[in-house]
Amino acid sequence: RLVLKPARLGGHAATRTIACQAAAAGIDVVITSVVDSAIGVMAAAHLAAAIASPAAPHLAHGLGTSSWLAADVAATPVIAKGRLQLPDNPGLGIRA
């Protein structure tokens, strides 16, 4: 497995490029945050969903870091039964 941290790799476009190259080589990819704000975590969650492999739906991405912050810029992403909940509507789903 290849662990990718978008905040350390130059953003989501660069991370997606690396993830696609890894997938083409048969390497599973896991997206993790770097103790990001709610905004960074939700963006990383969307990226993880976008690159998800149908062959490895069981992979757990490392996005449960919001509780490590004393305060955040927005509402903490909801994690239920071990899964971060993506919004049903367009956008990151960030609420103040």
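**Burial and exposure in a predicted model**

Student: Which residues of H1 are buried in this predicted model?

Tutor: Thr15, Ala19 and Ala22 are the buried residues of H1.

Student: How do you know that the span of H1 agrees with what its 13 residues should give?

Tutor: At 1.5 Å a residue, helix H1 (residues 12-24) should span 18 Å, and because its end C-alpha atoms are 18 Å apart, the two values agree. Just after H1, Gly26 takes a positive phi of about 80°.

Student: Why is Thr65 called buried?

Tutor: Its relative accessible area is 5%, and buried means under 20%, so Thr65 falls within that class. Thr65 is placed in the loop between H2 and strand S3 (79-80), and, leaving aside residues up to four places away in sequence, it touches Ser33, Val35, Asp36 and Val41.

Student: What makes Val73 count as exposed?

Tutor: Val73, which lies in the loop between H2 and S3, has a relative accessibility of 61%, and since exposed means over 50%, Val73 counts as exposed. Together with Ile39, Leu92 and Ile94, Val73 forms a nonpolar patch on the surface, with about 310 Å² of accessible area for the four residues together.

How values were computed. Residues are numbered from 1 along each chain as its sequence is written. This is a predicted model: local features need pLDDT of at least 70, side-chain atom pairs count only at pLDDT 80 or more; totals for chains, interfaces and linings use all residues. Side-chain values use heavy atoms; hydrogens and water are left out. Helices (H or I, at least four residues) and strands (E, at least two) are DSSP runs, numbered from the N terminus. The expected span of a helix is 1.5 Å times one less than its number of residues. Buried means under 20% relative accessible area, exposed over 50%, partly exposed in between (1.4 Å probe, protein chains only). Contact means heavy atoms within 4.5 Å. Patches are made of residues with over 30% relative accessible area and no salt bridge: like charges are joined within 9 Å, nonpolar side chains (Val, Leu, Ile, Met, Phe, Trp, Tyr) within 5 Å. Accessible areas come from the Shrake-Rupley method with a 1.4 Å probe; for residues, only the protein chains shown count as cover. A salt bridge is a side-chain nitrogen of Lys or Arg within 4 Å of a carboxyl oxygen of Asp or Glu.
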